[in-house]
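Q: Hi! Could you walk me through this one? I'd like to know how it is put together.

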Amino acid sequence: TLRNYRKNGEMFYNELSISPVFDANNIMTHFVGVSNDITSRILQEQSIIDSRNRTELLGLVNAALSQATDDEQILTAISVLLEEDIDHRTTLAYVDDNDLGEPISARVVASIASFENQHTEANGTELIQSYSSVFKKWGEGLQAPVYIEDVATDTSLDEVTRDYLKSTNTSALIAVPLRTGSDWQAIVLFGWADPHPFSDGLRET
């Protein structure tokens, strides 16, 4: 299997087979080569491997969560999802909502950092106003995590959120909503001190 590139720069995979050709006297006269584009097969196989890896990782997280006895242990278990990105902060905040399913309070219950001198948010810190841009996205119907690769340049952030993130030495952020149906349970925040590109694999996890 060979990895090649088309004239437009697009990568593709092809499978090359070469066979000798013999004449009536059993003398090899030449070779015949056959090339097949197997890009779709390779990508499908990689997708299966990635899916299996994510399933195994989530299994480890679920096992750790089932044994957790406090909020910090829960947070440590969740942090396994970012095991390849060691320099980050993880914060867990429980959310209270009103009868309309709108979050009215999000208070920090645990915050841990994976390296020394990284800012952690104190227990009891209220996050609704500080993360107003993020909660606005969820209020507009977004159910998925919010990804901010560079706090300084992301145009979706309002100044309140941007200023708060800068004050906590956060230059990149993933905010994950945890809900049961339409009811809010919690949010998990992953923060980095430097701008941070998020891979497709991380986003899928």
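A: Happy to! One term before we start: buried means under 20% relative accessible area. Trp 138 has 3% relative accessibility, so Trp 138 counts as buried. Bear in mind that this is a predicted model.

Q: Thanks. Which element is Trp 138 in, and what about Phe 135?

A: Both Phe 135 and Trp 138 lie in helix 3, three residues apart, about one turn of the helix. An α-helix has 3.6 residues a turn, so residues three or four places apart point the same way. Phe 135 is buried as well, with a relative accessible area of 9%.

Q: How many aromatic pairs are there in the whole structure?

A: A search of the whole structure turns up four. One of them is Phe 135 with Trp 138, an edge-to-face pair with 5.4 Å centre to centre and 90° between the planes.

Q: And how are the rings of Trp 138 and Trp 184 arranged?

A: Their centres are 5.4 Å apart and their planes at 55°, so that pair is tilted. The pair links distant parts of the chain, since Trp 138 is in helix 3 and Trp 184 is in strand 8, 46 residues apart. Both Trp 138 and Trp 184 are buried. Taken together, ring pairs link Phe 135, Trp 138 and Trp 184 into a cluster.

Q: Let me zoom out. How many helices and strands does the chain have?

A: Five helices and eight strands. Starting from the N terminus, the order is β-β-β-α-α-β-β-α-β-α-β-β-α. The chain has 205 residues, and 33% of them count as buried. Among contacts between residues at least 6 apart in sequence, 46% join residues at least 24 apart.

Q: OK, what about the largest nonpolar core: which residues have the most contacts inside it?

A: Those are Leu 127, Tyr 131, Trp 138 and Ile 187, in a core of 21 residues. The elements giving two or more residues to this core are strand 4 (89–97), strand 5 (103–113), helix 3, strand 6 (146–148), helix 4, strand 7 and strand 8 (183–192).

Q: You mentioned helix 4. Which of its residues are buried?

A: In helix 4 (residues 159–167), the buried ones are Thr 161, Arg 162, Tyr 164 and Leu 165. They cover an arc of only 165° around the axis, which puts them on the same side of helix 4. Helix 3 (132–139) and strand 7 (172–180) are included in what covers them.

Q: What goes on at the start of helix 4?

A: There, a side-chain oxygen of Asp 158 reaches to within 3.2 Å of the backbone nitrogen of Val 160.

Q: And just after helix 4? What is the phi of Asn 169?

A: Asn 169 takes a positive phi of about 60° there, although Asn 169 is not a glycine. Most residues other than glycine have a negative phi. Asn 169 sits in the loop between helix 4 and strand 7, and at 38% relative accessibility Asn 169 counts as partly exposed.

Q: How about Asn 26: where is it, and is it buried or exposed?

A: Asn 26 is in the loop between strand 2 (11–22) and strand 3 (28–37). With a relative accessible area of 60%, Asn 26 is exposed. Asn 26 is not a glycine either, yet has a positive phi of about 65°.

Q: Last topic: Thr 39. Which helix is it in?

A: Thr 39 is in helix 1 (residues 39–67). Thr 39 counts as buried because its relative accessibility is 14%. The side chain of Thr 39 also makes a polar contact with the side chain of Asp 37, at 2.7 Å.

Q: What else is Thr 39 in contact with?

A: Leaving aside neighbours within four places in sequence, Thr 39 is in contact with Arg 6, Phe 12 and Tyr 13. Arg 6 and Phe 12 also meet each other: the charged end of Arg 6 sits over the ring of Phe 12, 4.2 Å from its centre.

How values were computed:
Residues numbered from 1 in each chain as written. Predicted model: local features only at pLDDT ≥ 70, side-chain atom pairs only at ≥ 80, totals over all residues. Heavy atoms only, no water. Buried < 20%, exposed > 50% of the residue type's maximum accessible area, 1.4 Å probe, protein only. Helix = DSSP H or I, 4+ residues; strand = E, 2+ residues; numbered from the N terminus. Arc of directions from axis to C-beta. Contact = heavy atoms within 4.5 Å. Polar contact = N/O pair within 3.5 Å; in protein donor to acceptor, adjacent residues only side chain to side chain. Core = buried A, V, L, I, M, F, W, Y, C linked by side-chain atoms within 4.5 Å. Phe/Tyr/Trp six-rings, centres within 6.5 Å; stacked < 30°, edge-to-face > 60°. Lys NZ or Arg CZ within 6 Å of the ring centre and 35° of its normal.
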